[in-house]
Amino acid sequence: MFQKLFHWIVGKPQPPHYQLGNSQSCIFCRAYSTNRSDFDIVWEDEVFVAFRDIRPSAQDHIQLIPKTHIDSIKKLSQKDVNMLRRMEEIGHSILDTYNVPVSKRKMGFHIPPFNSIHHLHLHVQSLPYISPVHRLKYPFVRGFGGYEKGFSWFAEIGQAIRILEKGHRVTVAPC
Ligand SMILES: [Zn+2]
Ligand SMILES: [Zn+2]
């Protein structure tokens with residue numbers, strides 16, 4: 001993993017119009033602005049880019065990220081609900097192109113400190129996972145009482161949207 005990330009970082013600078021990331025300390029921003037061709041990009045517009053995960057946990061495993069640097073899901077608040085709705089929509093349209101049935105789709109975010117890369121990324125996946133160990137990385141834990149989500153290091157996109165709509169923040173603890 002780290003060797004591959006290292007290869008993302010090194011390499012020839014690209015023309016200025018490829019310099020889309022805006023955080024020098026972020027591995028995604030730096031890699032994306034200096035060595036974009038190393039990403040297996042499957043979808044892109046002005047605001048978001050989607051690429052295949054270099055170590056997929058499922059047959060289809062895409063990372064969908066905003067081009068503007070945002071640390072993580074923890075930074076989002078109610079004003080970001082529309083952004084997440086848009087990411088959900090894009091995720092579905094990507095999985096549509098792979099003919100993944102709706103019942104086999106999973107999308108969500110890791111919650112710090114359990115995120116590997118500190119740049120907001122939506123995991124867009126087709127089930128099943130390639131192993132039970134991989135499945136453990138993306139637990140869907142239902143909420144109880146007034147909570148949308150129980151204790152877990154992963155928030156499914158619908159959970160994240162509902163939590164933010166209520167004016168709350170997405171955390172590892174029930175929220
Ligand atoms: Zn970044
Ligand atoms: Zn993640």
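Me: Which residues touch the most other members of the largest nonpolar core?
Reply: This is a predicted model. Its largest nonpolar core has 33 residues. The ones that touch the most other members are Leu64, Ile73, Leu122, Ala155, Ala160 and Val170.

Me: Which element gives the largest share of this core?
Reply: Several elements give two or more residues, including α3 (81–97), β4 (105–110) and α5 (157–165). The largest share is five residues. That share comes from α5.

Me: Which elements do the buried residues of α5 pack against?
Reply: Start with what is buried in α5: Ile157, Gln159, Ala160, Ile161, Ile163 and Leu164. A residue counts as buried if 20 or more other C-beta atoms lie within 10 Å of its own. The buried residues of α5 pack against α3, β4, β5 and β6.

Me: Leaving aside neighbours within four places in sequence, which residues is Ala155 in contact with?
Reply: Contact here needs C-beta atoms within 7 Å. Ala155 is among the core residues that touch the most other members. With those sequence neighbours left aside, its contacts are Ile73, Gly108, Phe109, Ile111, Lys149, Ala160 and Val170.

Me: What is the bridge partner of Ile41 in β2?
Reply: Strands β1 (residues 41–44) and β2 (residues 48–52) pair in the antiparallel sense, over three bridges. A hairpin of three residues joins β1 to β2. In β2, the partner of Ile41 is Phe51.

Definitions and conventions. Residues are numbered from 1 along each chain as its sequence is written. Chains are lettered from A and ligands numbered from 1 in the order in which they are written. This is a predicted model: local features need pLDDT of at least 70, side-chain atom pairs count only at pLDDT 80 or more; totals for chains, interfaces and linings use all residues. Two strands pair if DSSP finds at least two bridges between them. Helices (H or I, at least four residues) and strands (E, at least two) are DSSP runs, numbered from the N terminus. A nonpolar core is a set of buried Ala, Val, Leu, Ile, Met, Phe, Trp, Tyr and Cys residues joined through C-beta atoms within 7 Å. A residue is buried if 20 or more other C-beta atoms lie within 10 Å of its own, exposed if 12 or fewer, and partly exposed in between; C-beta atoms are placed from the backbone. Two residues are in contact if their C-beta atoms, placed from the backbone, lie within 7 Å.
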